[in-house]
Amino acid sequence: MNLQATIFDVFSYALLSYAVLLLTIYTLIGFFSIAETRAYVRKNSFTDYRVLASSPDAPSVSILAPAFNEGATIIDNVRSLLSLNYINLEVIVINDGSTDDTLAKLISAYDLYELDFFVNHQIITQPVKVVYKSHNPVYKKLIVVDKFKGGKADSLNVGINISKNDYLVSIDVDCVLEQDALLKLCKPFLEQTEKRVIATGGVLRIVNSCDIEGGRLVKINLPEEFLPRVQTLEYIRAFLLSRMAWTRLNGLLLISGAFGAFDKDIVISCGGYNNETVGEDMELVVRMRRFMEEKKEPYKVAFIPDPLCWTEAPATYKNLGRQRNRWTRGTIETLYTHRKMFFNPKYHVLGMVSYPYWLFFEYLAPIIETVGFLAFLLFCFIGVVTWSCFFIMMSIFSVGVLYSIFAILMEVLTYNQYKQKKDVLRLLLVAMAEPIFFHPFVVASAIKGNFDILRKRKSWGEMTRRGFTHLDKNKNKYGN
Amino acid sequence: MISSPLFVLASLVVSLHTLGLVILIFTNLILLILAFMLFFMLWKGTHEKNHDRYRLISGLLIRRAVFYDDQIDPETGIPGTKKATRLMVNKVFRKLFTEELISAKKNIAGMAAENLKYLYHQLKLESFALKKLNSAHWHTKAKAIQELTLMDMRELKDDLFVYTNDKNEYVRMEAQVAVVQFNGFEGLRFLDSITYAISEWQQIKLLHKLSNLPPAHIDISGWLKSPNTSVVVFALKLARNYHGFEMHDVILTCLDHPDPQVRLQAIHCLGEIYNDETSVHLISRFWRDDVRHQLAIIKALQNIGSEKDNIFLSTLLGNDDYDLKLNAARALASSGLKGFALLVEYNDADLVLNDIITQVRGELAA
Amino acid sequence: MKILVAEDDDLMLKMLEFRLKKDGHEVIVTHDGREAMDKIDQLMPDVVITDIMMPYFSGLEIIGAVKTKYPGIMPVIIISGMGQESVVLEAFQLGADDFITKPFSPNELSVRVKRFEKSFFT
């Protein structure tokens, strides 16, 4: 009885303190993100992006778009990239050994011819087969590279070797971009006078059920299926709240590989993308930050709260599970590679705040939740009075829901992408349903990710590409 | 002690209490936020309807001003402004109207633009803007300056000069653009006294503004020696854009400036402003700086170099750095037959050069 | 004349429409490159006035298409805020018949459009 009660007490108080800490952090994030977003919206109102779009002094950008078996939508996607509002631009599409007609479609649609191109192998990659350009002057910004399969990181590195411009924008080729996306993403590089901006990221939104025509976003709709819908909520929380808050502290660790801009010099100095990890986007940002810290130069990683890039979210539990599993493994690999920074004052905010946060509250959270839940079941089974345990779980539950509702509020107050009242209502309902139908699954996938990495599974896990043609058929519903 | 059942019960009751309280607080907070959201959306809904009406009124009046072909009678001004004048006390309408007016003014020039300016005066909108200049908030001040600039309120240009060195960068930015718009190149005199750095973005904005004005002769030599490095960089860009050939020797001194950004910009500048000696100076400093500067020098030599420089370029063909190799090859290939001959004759142990030559040939043919 | 206008800014579009209608022309308004291309093929305007930066197809692509499909009979005028030399050169190289930079004077537009009236009768 003595020992049991002690264990029980220690356990409860540990769990409680974790929960209280989490709550404090969420609140702080809430405040920081409001301040940062408000500041951004205000500053943004003074910007006439047209000036940047046509200025010869605008930073030169190379878009790197790795493509693997994207035949269904590649022509439209590349077209929308080529019509981005930006002058000093080259669009490099890297065909990563596709087994379908991706390359054939590109060659035919864009009138491509083989080019004698000297590839400067600054970063070691899988060999490049052919480099193509277009006969048509309207498509002069396009370069297509055919290479042997090597994975996303390897393809990006090929793109880096080929690019001639100063800034890189990595993008998932099936993402739908706003026309001004590139301008908004690159402007932070020009605004700082004291620090060097090494990377910028933008907000990702979920494109499922939106109307797409010719690779372009025509109408924004809330996803109809449950899983993409709940991920919409998740993305709002992550991007609008969490990442904006971290930007204020200059502690942002992750810029999504789906859309981010990087200073090419620094990327090359760091050695390019890491081929050994599945979380290559996060790992690069952490490595770049670490590089700047070690060089002792003032720097900043910027983040734009404007929705710039729309991406497809997994709609089946199977694909979702694969994705979350991969994210967990990526996080583990990155944290492990850079473990030297843990509570290391030499790395300032990066080592003392960002890294520990990611370790304890992003990586460990699913594990602690699972342990807590299993312990709860165990205590129920044993028959120990567990009301405080139960109440702790309830309060964590309500904190979670509160946080989601706060995120929805922020979204309504700022960008208000989902204008219809019934959509906001749907989001609120999803906030209630999430802890029961979504969150446990995500936690389970994360746990599985931990086991998998112990077993060293290294595949990307292909997400079956549904393609936008499936969504295009829906456009008739909206009278287009 | 801990094992005492009474104690356990007591602590449980206490924890029940606090936790129960906590849950109560949370539920209340949730309800509060939900209620707030509901009200906000309802309010926004009614707002939108008004907005449409306001937009209609503004649009009509603005179009009338744009296409008003007759002489404007100073007594009556532009007709049809009664409704707008009445609504002007409404902050929302005023904001919307001003935005639409400014948006139109940005796209329209000539007589029509003058009419829009007249309309702005007639509706006394500049008084509201001037009031905002005294605000404590930076964004209000900056917005007001921007408005006055876009509506071309030249009469107020002297009032705005003081803001060019304001502690807030956005106020500074707007004021700098304003004085350039109103005073042309003369307005750049704020560069003499500015203590803050001018960001790259701000430089782009200023250059854009200047490009819309007829070119004028200004003395930038003072700025090229400024202690403020961003001013030096900006002055170099001005020299480049406006062909300040007489500045050549001063620009040469910038090649030795302590700031790498200045040195880089000076190299770019000399690619356009040069004489017979320039390439010698560039080549003599080639090995002092990093690859980025070296590549810039090669690009400059491509423009300004002559035969005597080809020999130097051909020495780079043996360099380990592929970027240098490629760019040197490119420069040689495009400098004429003799340069191209040097390129193909070069004995390259590292066969990479052949690939480079093929690519460069392809580029020239295209 | 029957004039097709392609411009994604509503305010600008209305301005152009108003001015051209005032001059007695029949005006077809379109809001993006795709709509413009479709209506050019359907309605065969006498003159096309287009912005450069637009959704779906840019003004430059429209020039290319019009000059290939309807050479010599359909003048294309560009109205754009991008007055950079490189852009202007490219537009003319692709076959544009005129280039007006924003901010523009409606009176000037009217006169430039009128120039193409004469070719209607040659």
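This report describes selected local features of a predicted model, grouped by topic.

Helix H3 of chain B, residues 91-107, packs against helix H1 of chain C, residues 10-22. The angle between them is about 60 degrees, and their axes lie 10 Å apart. The crossing of H3(B) with H1(C) is right-handed.

On the H3(B) side, the contact is made by Glu100(B), Ser103(B), Ala104(B) and Asn107(B). H1(C) contributes Leu11(C), Met12(C) and Met15(C). By class, the residues of this contact are four nonpolar, two polar and one charged. An α-helix has 3.6 residues a turn, so residues three or four places apart point the same way.

## Aromatic pairs

Over all chains, a search of the whole structure gives 22 aromatic pairs. One of them joins Phe239(A) and Phe303(A). A pair of aromatic rings is described by the distance of the centres and the angle of the planes. For Phe239(A) and Phe303(A) these values are 6.1 Å and 15 degrees, and the pair is stacked. Phe239(A) belongs to helix H7 (residues 226-248) of chain A and Phe303(A) to strand E12 (residues 299-311) of chain A, so the pair ties together parts 64 residues apart in sequence. Both of these phenylalanines are buried.

Chain A also holds an aromatic cluster formed by Phe342(A), Phe343(A), Tyr355(A) and Phe360(A).

## Lysines over aromatic rings

In chain A, Lys129(A) lies over the face of Phe148(A), 4.9 Å from the ring centre. Lys149(A) is placed over the face of Phe68(A), at 4.7 Å from the ring centre.

## Burial of helix H6 of chain A

Helix H6 of chain A, residues 181-191, is mostly covered, with 10 of its 11 residues buried. The buried residues of H6(A) include the leucines Leu182(A), Leu183(A), Leu185(A) and Leu190(A). Also among them are Ala181(A), Cys186(A), Pro188(A) and Phe189(A). The lysines Lys184(A) and Lys187(A) are buried too.

## Backbone geometry

Most residues other than glycine have a negative phi, and most peptide bonds are trans. The bond between Lys102(C) and Pro103(C) is cis, with omega about 0 degrees. Pro103(C) sits in the loop between strand E5 (98-101) and helix H5 (106-119) of chain C.

Lys296(A) has a positive phi, near 60 degrees. This lysine is in the loop that runs between helix H9 (280-295) and E12 of chain A. Its relative accessible area is 67%, so Lys296(A) counts as exposed. In chain B, phi of Lys124(B) is likewise positive and near 60 degrees. Lys124(B) occupies the loop between helix H4 (111-122) and helix H5 (125-133) of chain B. Its relative accessibility is 54%, and Lys124(B) is therefore classed as exposed.

## Surroundings of Gln146(B)

Gln146(B) is part of helix H6 of chain B, residues 138-150. Its relative accessible area is 15%, which means that Gln146(B) is buried. Leaving out residues up to four places away in sequence, Gln146(B) touches Ser45(A), Phe46(A) and Glu174(B).

Ala129(B) is 17 residues away from Gln146(B) along the chain. The C-alpha atoms of Gln146(B) and Ala129(B) are 9.5 Å apart.

Technical notes
Residues are numbered from 1 along each chain as its sequence is written. Chains are lettered from A and ligands numbered from 1 in the order in which they are written. This is a predicted model: local features need pLDDT of at least 70, side-chain atom pairs count only at pLDDT 80 or more; totals for chains, interfaces and linings use all residues. Side-chain values use heavy atoms; hydrogens and water are left out. Axes are lines fitted to C-alpha atoms, for helices over the stretch in contact, and angles run from 0 to 180 degrees between N-to-C directions. Helices (H or I, at least four residues) and strands (E, at least two) are DSSP runs, numbered from the N terminus. A crossing is left-handed if the near helix is turned anticlockwise from the far one by less than a right angle, and right-handed if clockwise. Contact means heavy atoms within 4.5 Å. Ala, Val, Leu, Ile, Met, Phe, Trp, Tyr, Cys and Pro count as nonpolar, Asp, Glu, Lys and Arg as charged, and the others, Gly among them, as polar. Rings of Phe, Tyr and Trp (its six-membered ring) pair if their centres lie within 6.5 Å; planes under 30 degrees apart count as stacked, over 60 as edge-to-face and the rest as tilted. Buried means under 20% relative accessible area, exposed over 50%, partly exposed in between (1.4 Å probe, protein chains only). A charge sits over a ring if NZ of Lys or CZ of Arg is within 6 Å of the ring centre and within 35 degrees of the ring normal.
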